[in-house]
Amino acid sequence: MSINDNIQQLFRASIDTKQQAQAVVTEPIARSIGLMVAALRRGNKILSCGNGGSAADAQHFAAELVCRFERERPELAAIALTTDTSALTAIANDYDFSHVFAKQIRALGQPDDILLAISTSGNSPSVVQAVEAAHHKGLQVVALTGRDGGQIGKLLQGSDIEIRVPSEVTARIQEVHLLAIHCFCHQIDEELFG
């Protein structure tokens with residue numbers, strides 16, 4: 001198979017995954033937007049976390065809210081828990097890497113804030129502990145997962161929302177996660193400033 005054929009196959013796989021996901025994730029994305037908009041209107045904030053590519057997605061989301069997405073508007077309160085290298089390395093060194101987000105949530109989280117927890121497998125120990133810490137502090141959780149939802153899917157409760165991508169392939173899951181994040185950003189702006 002040629003390079004061009006491989007590229008076209010990857011595009012088809014991405015499109016197929018997004019089409020399959022559309023029927024499953026539209027409603028939980030819409031409910032998540034409702035939670036986020038309500039939190040921001042109350043003066044609460046959205047914390048986000050994930051590892052690797054999911055860390056990049058957490059940072060992308062926070063940056064779009066704090067700066068802007070597709071329109072000029074006031075800044076929105078969002079913090080990516082993946083960006084403070086001093087806190088991350090101190091926590092990982094002094095305790096364990098699995099605590100890097102949970103300790104920040106216990107320090108920064110307030111009741112009725114939102115945690116956007118991102119894990120393609122749903123089993124990342126640091127994100128699992130983040131969800132547990134969020135529950136302890138009274139945060140609502142929006143979880144972006146894939147596969148079978150993993151441990152995170154089993155931990156969610158009450159008004160928490162899981163957006164589970166119906167795929168086993170990490171890259172395809174991440175592609176849908178990014179689209180969900182863009183849906184959040186677009187519709188938060190529409191609801192608050194449209």
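Predicted model: local features only at pLDDT ≥ 70, side-chain atom pairs only at ≥ 80, totals over all residues.

Student: In what order do the five strands of the open sheet lie, and which are the edge strands?
Tutor: The five strands form an open sheet with parallel pairing, in the order β2-β1-β3-β4-β5.

Student: Which residue of β2 is the bridge partner of Ile46?
Tutor: Strand β1, which covers residues 46-49, pairs with β2 in the parallel sense over three bridges. Within that pairing, the residue of β2 that partners Ile46 is Ala78.

Student: What angle does the direction of helix α2 make with that of β2?
Tutor: Helix α2, residues 53-66, packs on the sheet, where it touches β1, β2 and β3. Angles here run from 0 to 180 degrees between N-to-C directions, and the one between α2 and β2 is about 155°.

Student: Which element gives the most to the largest nonpolar core?
Tutor: This core has 33 residues, and Met36, Phe61, Leu116, Phe184 and Ile188 touch the most other members. Several elements, including α2, β3 and α7, each supply at least two of its residues. With nine residues, the element that gives the most is α1.

Student: How many residues make up the other core, which lies apart from this one?
Tutor: Cys49, Val100, Ala102 and Leu139 are among the members of that other core. Its residue count is 22.

How values were computed:
Residues numbered from 1 in each chain as written. Heavy atoms only, no water. Pairing = 2+ DSSP bridges. Helix = DSSP H or I, 4+ residues; strand = E, 2+ residues; numbered from the N terminus. Contact = heavy atoms within 4.5 Å. Core = buried A, V, L, I, M, F, W, Y, C linked by side-chain atoms within 4.5 Å. Buried < 20%, exposed > 50% of the residue type's maximum accessible area, 1.4 Å probe, protein only.
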